[in-house]
Amino acid sequence: MLEIILLISFILFNIGFAYIDAQKIKQNTPIYHGINGLIYVGLLLLSFLLTHNVLATIGYTIIRIPIFNTALNGFRGKRLSYISYTTTSKIDQLLNPLVEKIGYWNYCFWLFVISLTLILI
C-alpha cells in the first residue's frame, strides 16, 4: 500500500515539477538540472528509507521520464509527444535518439510498464 501512495506522490511531484520548469522556460529563466536532480534524489532516498525496496526506488526513478516529459510538453503548449532538440538536460540529450527511433508513446509505455513492474513486485 505504501508503494502505491509513493507512486501517486511521485506522479504528482513530477507533474508539479514540470509545471515549474514550464514556467521557467516561458519566462526564459534558467533551469538548474543539477538542483532538480538533487531534489529528486532526496525524494528517492526518502522513498527507500520508508520502504527498504530497491526495485521500487528504481521504478520511481524510471517513472519520472514519461510523466515529467509529457506534462512539461502539455504545460508548454506543445503536443504531448514533443521532443526537444535544444534541451539542456543531459539525460534527454542521451535518450532522445532512442525516443526518435522507437517513437515517443512506445518509449513512454515501456518505461511505465517497467516502472510499475518494479514498484508492484
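User: Among contacts between residues at least 6 apart in sequence, what share joins residues at least 24 apart?
Analyst: In the protein chain, 70% of them do. Contact means heavy atoms within 4.5 Å. This is a predicted model: local features need pLDDT of at least 70, side-chain atom pairs count only at pLDDT 80 or more, and totals for chains, interfaces and linings use all residues. Residues are numbered from 1 along each chain as its sequence is written, and side-chain values use heavy atoms, with hydrogens and water left out.

User: How many helices and strands are there?
Analyst: Five helices and zero strands. These are DSSP runs, numbered from the N terminus: helices are H or I, at least four residues, and strands are E, at least two.

User: OK, glutamate 3. Where is it?
Analyst: In helix α1, residues 2–26.

User: What does glutamate 3 touch?
Analyst: Thr51, Asn53, Ala56, Tyr60 and Ile119, leaving out residues up to four places away in sequence. Glutamate 3 and alanine 56 are 53 residues apart in sequence, yet 7.3 Å apart in space, C-alpha to C-alpha.

User: And isoleucine 4, how exposed?
Analyst: Isoleucine 4 also lies in helix α1. Isoleucine 4 is partly exposed, with a relative accessible area of 32%. Partly exposed sits between buried (under 20%) and exposed (over 50%), with a 1.4 Å probe and protein chains only.

User: What share of the chain is buried?
Analyst: Buried residues are 37% of the 121 residues.

User: Last one. What does the C-alpha trace span along its principal axes?
Analyst: About 40 × 30 × 20 Å.
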